[in-house]
Every structure is written in structure tokens, then in C-alpha cells.
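Please read it beside the sequence and the structure shown here.

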Amino acid sequence: MEGNTAWLLTSAALVLLMTPGLAFFYGGMVRSKSVLNMLMMCFGAIGLIGVLWVVYGYSMAYGTDIGGLFGNPFDYLGASGLMTAAGDPTAGTVDIAFQGMFAIITVALIAGAVADRMRFGSWLVFGGLWGTLVYFPVAHWVWGDGGWIGEMGALDFAGGTAVHINAGAAALGLVLVLGRRVGWPREPMKPHNLPYVMLGAGLLWFGWFGFNAGSAYAADGVAGIAFLNTVTATCAAMLGWLLLERIRDGKATSLGAASGVVAGLVAITPACAYVDTWGALAIGAIAGILCALAVGLKYRLGYDDSLDVVGVHLVGGLVGTVLLGFVATTNVGTDGADGLFYGGGAGQLGTQVISAVAVMLYSIVIAALLGLLLKVTTGARVTAEEEVAGIDEAEHAESAYDFAGGRGGRPASVDTSVVSGGSKKLEESKP
Amino acid sequence: MKLITAIVKPFTLDDIRAALEQLGVLGMTVSEVQGYGRQKGHTEVYRGAEYAVDFVAKLRVEVVTDDANVEKVIDAIVGSAHTGKIGDGKVWVTPVDTVIRVRTGERGADAL
């Protein structure tokens, strides 16, 4: 028990680190005038969902089943009954912490779609309501005792359905209501700091080992399988994305490498304990190529998903979840199932598709309705003028970069004419 | 006195600095700038979306010098910055009324 607890504690910390990693992955992709807002949307999700999860979210996901739809929010209200040093912490406090990190990053993932334009307060309201109405119940559907998707026999080891399809679909629903950024797609909105993007992708990958291998809830062979497949599929996805770029655009790009890594991580998430190496390679390579193609859809269909949350997370999540119906195998010794290619027939494939489509539709609809609600109440977007000038200044009264101090800035609340001292000149230089 | 302003390819800076040092030029100002002339911009691709980047990264080198040294300084900069390919840059000369050294208050050629 101590070994398992140690690994789950470590994994929880790793999964928390994914959200700052995501913040930099996204933050590098926006323009320099909105990087702080992007970081803040991710950090805001940590603060907000962290509180909601401990107070009632965990209970809504893992409390006593109510109709297969959600858990009783009062069972473990404020971690009551589980806040004890006795018993197995991987079924108590550490479980709450570990799963809380999943809730946090799922909400943070959506932020990439609404970059540059969503009011910070409205984002937090959206995050809180979407977490309550969508993530907490869907986590119950997939992983809670009695949840209808889990009962149906759908496989989702670490969150392909509950996290990635869910967040990607919410992103689509929200941007359809929010609308395009001023100037999109006519004006160039190229990434302002690709090294941030690569750094963020690296942190995400590192943290993802906790996400996937931690979901074994034990320091055992299942964790080992999940860990190894998280390497294999991710590497294959990076190669797939780069190969497609090389053929289609002429060059393999650093943004493509970072995006391929994330696409592979997303796709292997539901499958990581249920496939062998060949399955992991197939899922990774297909995800890398399909996601690289899918990020172009927004230009054809006209929705402004700023940082391709739909193209990477919804599509990547669908690839992993649906491909499990083909390449899942019990040969690896985990309690998964056999897919179509491993003699299991089409039954598992059907189950996977139903679970994916159900979560996708539910999340799109609720996210769009929440977006509409915000639009007519608090206002979902900053004004066009604020958006053009930069959301960092409008929403946070800060600017990200001032390398040489050339932007100026004196204390506005201090009357400098009556305050002595503070001279930048060294005392010795005075005559 | 004259202000000599040169817009050059960034990688030529080391050669320019060395050549000017040989002439006894004691200071210069270098800044990162963007622009275009005959050499138009280039294309960048992000997640498959092409962007036409109109402005090319260049360095602006500024040197103030005595009238007597103007031709030598120009030759040193042009000689070091020349590659013969499009985009080598421009050099222009403007008259300067005076120069003041902030630390001592010296004026004119003494301040160079």
C-alpha cells in the first residue's frame, strides 16, 4: 500500500504540473499582447476547479450513483468521511487530489480555443459551471461506480473520453457562440514564442506519465504498460505530424513537433493500458497525421478555435477512443477487452463509438448554452478595441515583456515631487 | 561631423565592428530593425497556415565620425557588409551639428 500511495502522490503532483505546462504550450502560441491572459486562464482553472473539486466535485464524480448520471454531491462534501489518516489513502485523500488535477486540466484545455478575447471573469464563471454540469458528471459516467458509460463496458483508461473529447467538444461549442477574433482569419496571428511552446509540450509530456501511468492506481505492471505506451505512441505521433508537414508544406516545424507530441499523448490516453506496442504505434502515428490535417478544418468551416483545441484534443481523443475498438487486446494482461483486430468482434468498437459520441454531443451543447448565458448576462468578450489593444492590458492591467525597461512606468499612486530618495544615481557620484 | 547609418545583414556585424576598430572608431550603436527593400519578405508556415512575413530582420549600425574619416568608414562598412546577394543593405550619411559627451560635457569632436 505504501508503494502505491507513493506513486499516486507523485503522479498527482506530475498531473498538476501539466496545467502550467499547458499554459506555456498555449501561451507561446498566442501573440505577445495576450500571453498573460492565456497563462491566467490556466492558473485560474487551477484555483477555481481545485476548490470546487474538493468541496463537491469529487463527490459528484465518485459519490453514490444517482441514475448512472452523477454521484451524490453530499456524500463526500468537503472530503468529509475521507479526511482521515486511517485506511488506504489511494481510495481517500490521495484519490481526491489525483483526480482533482484531471478536473483542473480538463477545464484549462478549453482556454486555448477562446484565446485573446474572453473576459477573465466570464471565463471563470464558464469554467465553474461547465465543471459542475459537464466534467464532474461525465467523470462519473466514465469512472464512477454505476456510471452509465463505464457500466456499458467502454474503455477509457486515463481520460480520452472524459478529458480530451470532453474538453475539445466544449471548446467547439464555446467558440461557435463566442465568435471569431477581430481580424481572423485575414490578419496574421502567428505564435509569438515557439520555445515556450516546445517547453510547454515537454512539461506536458513529463506530467502525462503521472496522468497515464498514475491511473493504474498502483506501482505495478499495469503502470509500466501505460508508461511505455505513453512513450511509444507519442514518439510515433510526433514523427507522423512532421512527416505530413514535410510532404504537404515542405518543412518539418517546431510547432508541428510540439503539436504532434500533444496529439499522441491525447490519443494514447484512453488506450495506454489496453494495447501492445503495435497498437500504440498505430494509434500514435494515425493521431499525428489526422490531427495535423484536422487543424486546417477551422479555416474551411470558419470557426475560430484559436489554438486548435478541437483539432488536437477532440480529434485526438476520438482517434484514441475509437481505435481502441480495433486494437485493444487482453494479451497485455490488463482487464481491457479484445478489439476487432484481436478477435473480439465489433462489439467493443460500437461501445467505444457510443461513449465518444455521447460525451461529445453533451459537452458541445452545454458549453454552447453556457456561452449564450454569459453573452446575455456578464458579457462573454472584451470590447473590440480592448481585444485589438491586447487583452493582457484590458483584463489584467499588466504587460508580459519589458526587456530593457523601455516601456516606462512610474508609481502612479505616489506624488514623486514630494518624496525624496529613490534616486538611481549612486551616492558616490554626488559631488 | 557626420552620422553614418548602415542597414546590414545581421551576420556581417562582427566583420563591420572589426573593420571599424582598425580605423580607430571608438564607438557605435547597433539596433535590431525590420524592413524591406529589393529583398522582399518570406513565407512562414504554422500548423499548415501560411503567413507572408513582409519585413526582414536587419541590423542598423550608427557611427558618428569626423568629416575627414567619412569615406574610410563608409568603405569599411560597405566592404564588410557586401556579399553581392540581394538584401545586403544600405548606407547613408547625414550631417551632425554637434555631439555632447554626457559624463564630461565635452562637445564636438572631443566627445567622439
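Predicted model: local features only at pLDDT ≥ 70, side-chain atom pairs only at ≥ 80, totals over all residues.

Helices here are DSSP runs of H or I of at least four residues, numbered from the N terminus.

**The site around S122(A)**

- S122(A) counts as buried because its relative accessibility is 2%, where the cut-off for buried is under 20%.
- The side chain of S122(A) is joined to the side chain of T378(A) by a polar contact of 3.1 Å.
- When neighbours within four places in sequence are left aside, the residues in contact with S122(A) are L374(A), T378(A), G379(A) and A380(A).

**Packing of α6(A) on α13(A)**

- Helix α6 (residues 160-178) and helix α13 (residues 347-376), both of chain A, pack with their axes 7 Å apart and at an angle of about 40°.
- The crossing in which α6(A) passes α13(A) is right-handed.
- On the side of α6(A), the residues that make the contact include T161(A), I165(A), A169(A), G173(A) and V177(A), while those of α13(A) include S355(A), V359(A), S363(A), A367(A), G371(A) and K375(A).
- Sorted by class, the contact of α6(A) with α13(A) comprises 13 nonpolar residues, six polar residues and one charged residue.

**Aromatic pairs**

- Over all chains, the structure holds 24 aromatic pairs.
- One of these is formed by F98(A) and F102(A), an edge-to-face pair with 4.9 Å centre to centre and 65° between the planes.
- F98(A) and F102(A) are separated by about one helical turn, because they stand four residues apart in helix α3 (residues 93-110) of chain A.
- F98(A) is buried, with a relative accessible area of 0%, and F102(A) likewise counts as buried, at 0% relative accessibility.
- F326(A) and F341(A) form a tilted pair, for which the centre-to-centre distance is 5.2 Å and the angle between the planes is 50°.
- This pair links distant parts of the chain, since F326(A) belongs to helix α12 (residues 309-327) of chain A and F341(A) to the loop between α12 and α13 of chain A, 15 residues apart.
- F326(A) is partly exposed, with a relative accessible area of 22%, whereas F341(A) counts as exposed, at 59% relative accessibility.
- A cluster linked by ring pairs is made up of W53(A), Y56(A), Y58(A), Y62(A), Y76(A), Y135(A) and F136(A).

Methods
Residues numbered from 1 in each chain as written. Chains lettered and ligands numbered in written order. Heavy atoms only, no water. Buried < 20%, exposed > 50% of the residue type's maximum accessible area, 1.4 Å probe, protein only. Polar contact = N/O pair within 3.5 Å; in protein donor to acceptor, adjacent residues only side chain to side chain. Contact = heavy atoms within 4.5 Å. Axes fitted to C-alpha atoms, helices over the stretch in contact; angles between N-to-C directions. Helix = DSSP H or I, 4+ residues; strand = E, 2+ residues; numbered from the N terminus. Left-handed = near helix turned anticlockwise from the far one by under 90°. Nonpolar A, V, L, I, M, F, W, Y, C, P; charged D, E, K, R; others polar. Phe/Tyr/Trp six-rings, centres within 6.5 Å; stacked < 30°, edge-to-face > 60°.
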